[in-house]
Amino acid sequence: MFFYDWTYLLIIPGLILGIWAQSKVKSTYAEYSRVPTRLGRSAATVVDDLLRRNGNNKVRIGRVSGELTDHYNPGNETLNLSDGVFASNSVAALGIAAHEAGHAMQKHDGYAPLKLRTAIVPAVNICSGLSTPLFFLGLLMSWEPLLTLGIILFAASTVFALVTLPVEFNASNRAVAMLTEGGYVNGEEERGVRKVLQAAALTYVASAVTSLLSLLRLVMIANRRRD
Ligand SMILES: [Zn+2]
């Protein structure tokens with residue numbers, strides 16, 4: 001049957017990578033949130049500085065509860081820093097805050113992959129919600145057009161996961177560049193920032209791998225039904 005199918009094994013590498021990435025993020029964040037930067041300024045004031053220095057005066061900086069819940073919203077141009085980051089002067093806090101500032105600068109510069117990602121979000125949400133029910137219905141009815149439609153709709157979320165990769169890597173590159181150019185971190189601190197951001201990037205790689213493998217699995221199940 002569908003759920004006890006051996007193709008389920010395909011998903012396992014993605015799951016393992018995801019769990020490993022999550023634990024790597026947590027441990028790296030824990031390590032570098034205990035390392036203060038020599039400059040001693042809070043992430044919130046540094047991020048405000050970074051944006052102004054780079055000619056971006058539109059962004060509103062706020063605070064959000066939770067751990068590692070930091071995010072930038074391109075819709076209303078708000079940048080929210082989590083409780084552990086906002087007032088912290090740690091290497092981890094500056095890295096995470098600067099990464100979000102990197103997203104804000106992407107919007108400011110009209111960076112194409114961010115535009116694309118923002119534009120496809122509503123469609124991706126609808127497609128991914130419909131894909132599994134339609135695919136499952138297609139299996140029950142043994143009706144190929146429905147299976148194909150389910151796969152195409154699922155592919156939308158895979159495209160989203162892939163478009164996310166350049167957006168995230170670029171935001172981290174911008175973060176390191178802005179922090180070092182402005183003299184907010186020294187060489188040693190820069191290496192810490194890179195480690196934190198690389199660990200975070202790994203979670204997006206894991207999501208993309210999982211999504212690709214899931215897509216492959218649907219294609220294999222559909223193909224076998226044709227035999
Ligand atoms: Zn990001």
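This is a predicted model: local features need pLDDT of at least 70, side-chain atom pairs count only at pLDDT 80 or more; totals for chains, interfaces and linings use all residues.
**Helix 6 and its two partners**

Helix 6 is followed by glycine 183, and the phi angle of that glycine is positive, near 70°. Good morning.

Let me begin with length. Helix 6 covers residues 144–181, which is 38 residues. At 1.5 Å a residue, helix 6 should therefore span 56 Å, and the distance of 56 Å between its end C-alpha atoms agrees with that.

I turn now to helix 5, residues 112–141. How far apart are the axes of helix 5 and helix 6, and at what angle do they pack? The axes are 6 Å apart, and the angle is about 150°. Angles over 145 degrees count as roughly antiparallel, so helix 5 is roughly antiparallel to helix 6. The crossing is left-handed. By class, the residues of this contact comprise 24 nonpolar, 6 polar and 1 charged.

The other partner is helix 4, residues 91–109. Its axis and that of helix 6 come within 7 Å and cross at roughly 115°. That angle makes helix 4 roughly perpendicular to helix 6. Helix 4 passes helix 6 in a right-handed crossing.

Which residues meet here? From helix 4 they include Leu94, Ala98, Ala101 and Met105. From helix 6 they include Val167, Ala171, Ala175 and Met178. The contact of helix 4 with helix 6 divides into 9 nonpolar, 7 polar and 1 charged residues.

Thank you for your attention.

How values were computed:
Residues are numbered from 1 along each chain as its sequence is written. Helices (H or I, at least four residues) and strands (E, at least two) are DSSP runs, numbered from the N terminus. The expected span of a helix is 1.5 Å times one less than its number of residues. Axes are lines fitted to C-alpha atoms, for helices over the stretch in contact, and angles run from 0 to 180 degrees between N-to-C directions. Angles under 35 degrees count as roughly parallel, over 145 as roughly antiparallel, 65 to 115 as roughly perpendicular and the rest as oblique. A crossing is left-handed if the near helix is turned anticlockwise from the far one by less than a right angle, and right-handed if clockwise. Two residues are in contact if their C-beta atoms, placed from the backbone, lie within 7 Å. Ala, Val, Leu, Ile, Met, Phe, Trp, Tyr, Cys and Pro count as nonpolar, Asp, Glu, Lys and Arg as charged, and the others, Gly among them, as polar.
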